[in-house]
Amino acid sequence: MRINDFHRNIREIGATGGGAHKYAQEWDEGLGITMKKQDEMDSLVAGMQFVMSDIVGECYTFKPNDWKPESAKVEHDTSAVNGSLRKTPSQNNITCDNEANDDRLVDNVPSILEEPKPRIDQWWTSKKVQRDNVMCNAYPYLLVSIGTGVSILRVDGPRQHERVSGSTIGGGTYWGLCRLLTGCDSFSDVLNLAMKGDPSKVDMMVGDIYGKNSDALEKIGLPSDIVASSFGKLVAKSNPSEDVKEEDLARALLLMVTNNIGQVAHLNARLHHTARIYFVGTFLQHNTISQQRLAHAIDYWSKGEMEAQFLEHEGYFGALGAFLLNHGIGEDGRTRQPRRSTIKAMPSQQRKHSLAKLHHRSKSMNYMHHED
């Protein structure tokens with residue numbers, strides 16, 4: 001910022017996250033910029049709801065490869081107390097005020113990663129389906145933020161939320177263990193490595209216990225390629241590292257962490273009666289593996305009553321929310337009344353000058369989201 005003289009036109013900046021507290025003094029002393037600290041979860045919810053209200057096609061999910069819009073018809077049951085989804089023969093997707101949303105297929109998943117085919121986990125949910133934003137009759141819903149750890153919020157209305165749960169097993173867990181198990185130097189490198197891995201060389205599958213064609217599988221209701229124990233196959237080997245590559249470890253570990261997050265999210269959704277679960281956070285950026293896995297897991301465990309959804313502009317909600325909150329912009333997109341009345345109370349000439357100054361500052365100020 002100093003090199004380009006950006007700091008000369010900035011006096012304060014809306015910021016959120018741990019870095020807003022950790023580096024506030026350095027910014028003040030080094031750049032002369034005051035960080036106006038905003039609560040991280042408040043900023044996340046404010047930014048996310050603002051985007052979902054104004055950007056078409058923001059939400060998406062994943063469906064099985066053989067899924068077709070005609071075969072997945074669900075409707076939002078506004079009469080149900082728990083807000084669960086019920087299957088109906090007449091509507092597509094989740095409806096709002098009798099207006100059906102589109103099940104738009106997206107052929108190219110926006111990721112730097114390409115899934116090689118065929119995959120041993122080919123039963124995964126991998127067809128991207130666009131979801132129209134649903135803001136009316138959408139509450140409550142669950143918001144799962146996956147960063148270093150996991151925070152789970154129940155959102156009850158515009159900027160109304162409560163942290164109801166969380167987990168210490170998140171993106172930091174995965175990246176920390178991968179640094180021990182692989183030679184990768186960055187998170188993107190380990191994701192690319194995981195794309196090439198075979199988790200069945202590490203995980204103990206149900207078929208490893210019962211046999212792939214056992215009659216017992218039908219009785220217990222599980223396919224042979226479901227994971228019975230993460231990393232369990234290494235227990236019985238005299239040399240655990242034999243025939244196991246780094247990419248296999250990276251893939252199996254990614255599934256283990258993602259499965260745990262999905263299970264915690266599903267149980268909280270059951271507890272708080274929320275049929276829709278939004279997953280956000282830096283862990284999911286360019287991480288199509290985990291997005292697809294979460295979509296499958298939520299659908300599988302809920303028997304189709306719940307749906308995992310993701311957002312195209314994930315990564316910007318905290319910064320946008322910090323801007324909105326610091327600038328006094330409400331959920332309706334309007335500046336809060338106290339700021340407007342202060343300007344209107346000024347003499348005409350002074351009011352013009354203040355409005356021009358405010359406009360100039362809003363154009364020149366950068367609102368940043370600082371993280372550790």
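**Core and helix packing**

Modeller: In this predicted model, the largest nonpolar core has 41 residues. Those with the most contacts inside this core are V144, I146, Y174, I277, F279 and F310.

Colleague: Which helix gives the most to this core?

Modeller: Helix α8, spanning residues 246-272, gives the most, with 11 residues. There is also a second, separate core of 15 residues, which includes M41, C59, Y278 and L311.

Colleague: What is F279 in contact with, leaving aside its neighbours within four places in sequence?

Modeller: With those neighbours left aside, F279 is in contact with V144, I146, I261, A265, L284, L294, I298, A308, Q309, F310 and L311.

Colleague: L284 is among those contacts. Where is the place of L284?

Modeller: L284 lies in the loop between β13 (276-280) and α9 (288-302).

Colleague: Is L284 buried or exposed?

Modeller: L284 has a relative accessible area of 5%. Buried means under 20%, so L284 counts as buried.

Colleague: Is the crossing of α4 and α8 right-handed or left-handed?

Modeller: The α4 and α8 crossing is right-handed.

Colleague: Which residues meet there?

Modeller: From α4, Y174, L177, C178 and L181 meet E246, L249, A250, L253, L254 and V257 of α8. Y174 is also one of the residues with the most contacts inside the largest nonpolar core.

Colleague: Turning to the whole protein, how many helices and strands are there?

Modeller: The secondary structure comes to 12 helices and 14 strands. The protein has 372 residues, and 47% of them count as buried.

Colleague: What is the accessible surface of the protein?

Modeller: The accessible surface comes to about 19,300 Å², and carbon and sulfur atoms account for 49% of that.

Colleague: One last point: among contacts between residues at least 6 apart in sequence, what percentage join residues at least 24 apart?

Modeller: Of those contacts, 68% join residues at least 24 apart.

Notes:
Residues numbered from 1 in each chain as written. Predicted model: local features only at pLDDT ≥ 70, side-chain atom pairs only at ≥ 80, totals over all residues. Heavy atoms only, no water. Core = buried A, V, L, I, M, F, W, Y, C linked by side-chain atoms within 4.5 Å. Buried < 20%, exposed > 50% of the residue type's maximum accessible area, 1.4 Å probe, protein only. Helix = DSSP H or I, 4+ residues; strand = E, 2+ residues; numbered from the N terminus. Contact = heavy atoms within 4.5 Å. Areas by Shrake-Rupley, 256 points an atom, 1.4 Å probe, with all protein chains shown as cover. Left-handed = near helix turned anticlockwise from the far one by under 90°.
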